[in-house]
Structure formats: structure tokens, C-alpha cells
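Here are my notes on the salt bridges and on one of the helices. Have a look at the model, then read on.

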Amino acid sequence: MEIEDGSRPLKRVRTDVHKPHSSATSPLSDMPPLSLSILGVEPMDEFIREVADFIYHMIGMLPRDTPGATVEVEAKIGILRDRLSGNRLNLPVLTETILSPNFGDFRFESNMTSKQHQHFNVLLNGLKTSPPSTVLTPLNYTHLYLVDSFYPSPDSSSGPDDKIRVTRDERTGEVKECVKKIRLGDLNIYCPKRVADWRISVNIEIPVPHPLGSATHTRRKDRMSYLHEEFNIDLTQVTSNQGTAPTTMGHELILSSPQVTHELEVEVARPALLLATAANRGNPNVPEHERGAFDELIRAFVNNARTLIRNVSTD
């Protein structure tokens, strides 16, 4: 028999009907420990289950004929804005809400102020140098200086937004990655009680040969990357340059001046672990801890994103 967990909690049975409390006794002194539920277990959070189901479904869409491809699952902090007015969405909900993929005409702006960026820099550095006693694993930290160059994809079947990204170490010039990134899907989360929203994206990155020709635009990334257990938390100042275009006189026209944005994201650090846990999700032939490992991984992923959202400053 299936029992729904969404009903209102039952009232506690009164134990003081025939024995009034003395003025010196607290009404809570005889409160016994409470069970997690009438079944003795805590029902899985519906929000986390929805996120886990979404990511699991996206993983099931991975193409099988792309050797070397890796899956990327990330949550970015930003603002959900109405496309027409440019204002932040204002929806009739009171708490954090996952939006339907077919809802409205809006965009996600992955950006924050420089003061918010500085706030998170101080916060994350503090967690590294003086972690709370409740944290079992310390953060590891790396400061990266990277340059992304974007080239049109030579694949004629690719869409107009498909690009090849070449990532180099800014200081050494070493090529770190040369990939084509394909977005599989997004999940947008609106947070009316917070100053920011967030978006979960599932992508695949396919290694490709270095492209020929000139880059359409570049992006310099000053990134502070924090590794905690199975997750990377990346705090990045991004300077984008939309590149140049030839004019009829043979000169180059600068399309726009450099634009500086500030980004914060949390990403599953080991794609291979993500896929391995997904493969065993709900499998009755494996031990229980392996069967539930995928959902536990996603629970921690969501908790990290929620922690970041709840620490965004109002500046």
C-alpha cells in the first residue's frame, strides 16, 4: 500500500489531561523524541527528487557514438528576467520553485555585482582557512587564469549557436581544452525570498581538433576554483571581447568594448562518478548504498547550490 507523505502532521496526544503542570514545569519537559514519520523514515524531498529525475533523464539522452565525451552538470547563480521588461520575474509563490520548461518568456542572467563577488571570495577563503567543525573535508583552492577562444563549428549539421571552445592557460599559452559543448537541458529555479535565482544545466563536452581560422570572440577568466569533496565551486571574473569584423574598406571594426561579468557556479567534479551512480540508480541487484548513491550525490549538489544562494549579499 502506498502512503502519501504530504498530509498535515497529526496533533500530539495530550498527556496532561488529568495531571496539570506545576508552574515550575515546562510544557516541553515531557515531549518524547518524535519519529521521522508514521513509517519511521523521512520522505525524500520532492524538490531534490525533481532535480535528480531531470539530471537522470538528461544523462539518458547522452549520445553513444561520441568517444571521449564528458557530461557536465552545473548550477549557476543569477537572475531570471522577463525578456520584454528586463525586470526580475515576480511570481505568485512564497518559496523556492522549479519553473516548468514551458513557462513564460524569460532569460537567465548569470551575473552578480563586484561587491557580491568580493563577498563570496571572502566567504570561500574563510571556509578554506577556518572550516566549521561540522565540515568533514577541507576545501582545496586553485587560482586559474584562462582564456577561451570561440570558433564556428565546421559541422554543417550544427546549429548557429554551436561553437568550438579552445581554452588556454593565459600565462603559459598551453591549450587546456578544445571542445564542442552541446547543451542538453536546463532547469530554472526561482527564489522569491532571496536576491538571486539559479539554473541547473546539463551539457556534454566533446573533444575536437583545434579549428582553423579566426576566433569570433574571446573570454578571459580570472577564476578562483574551490574543490570540496565531489564538487567544484568556481568564482570567476569574466572579461568578454566580441572580437572584430572586416569592413568594406579592408579594416577591422571592433564590435563592442570588453564586458566584465562575475559568475558563481557549483559543478559535479567527477563526471565518471556521476554516470556510474546513475547506472545503478534503483537497481535491485546492487547494495542499497549503491542504489541510492546517485540521489545522495544530487542531494549534496542541491544543498551546495542552496547554500550559495542563501549567502548572496544584497549589495
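1. Let me start with helix α3. Its buried residues pack against α1 (46–60), β1, β12 (259–268) and α5. Contact here means heavy atoms within 4.5 Å, and buried means under 20% relative accessible area, with exposed over 50% and partly exposed in between (1.4 Å probe, protein chains only). Helices (H or I, at least four residues) and strands (E, at least two) are DSSP runs, numbered from the N terminus.

2. Some housekeeping before going further. This is a predicted model, in which local features need pLDDT of at least 70 and side-chain atom pairs count only at pLDDT 80 or more, while totals for chains, interfaces and linings use all residues. Residues are numbered from 1 along each chain as its sequence is written, and side-chain values use heavy atoms, with hydrogens and water left out.

3. Which residues of α3 are buried? They are Leu274, Thr277 and Ala278. These residues sit on the same side of α3, because they cover an arc of only 100 degrees around the axis (the arc is that of the directions from the helix axis to the C-beta atoms). An α-helix has 3.6 residues a turn, so residues three or four places apart point the same way. On the face turned away from the buried side, you'll find the exposed residues Ala272 and Ala279.

4. On to charges. The whole structure has 22 salt bridges, each defined as a side-chain nitrogen of Lys or Arg within 4 Å of a carboxyl oxygen of Asp or Glu. One of them pairs Lys181 with Glu72, with the closest N and O atoms 3.0 Å apart. Lys181 is in strand β6 (residues 175–190) and Glu72 in strand β1 (residues 70–82), so this pair ties together parts that are 109 residues apart in sequence. Lys181 is partly exposed at 30% relative accessibility, whereas Glu72 is buried at 9%.

5. Strand β6 also holds Asp186, which is linked to Arg199 in strand β7 (residues 197–207), 13 residues apart. Arg199 counts as buried at 16% relative accessibility, and Asp186 as partly exposed at 22%.

6. Last one: Arg281 forms a salt bridge with Asp295, with 2.9 Å between the closest N and O atoms. Arg281 is in the loop between α3 (271–279) and α4 (288–291), and Asp295 is in helix α5 (residues 293–309), 14 residues apart. Both partners are buried: Arg281 at 17% and Asp295 at 10%. Salt bridges that share partners also bring in Asp53, joining Asp53, Arg281 and Asp295 into one network.
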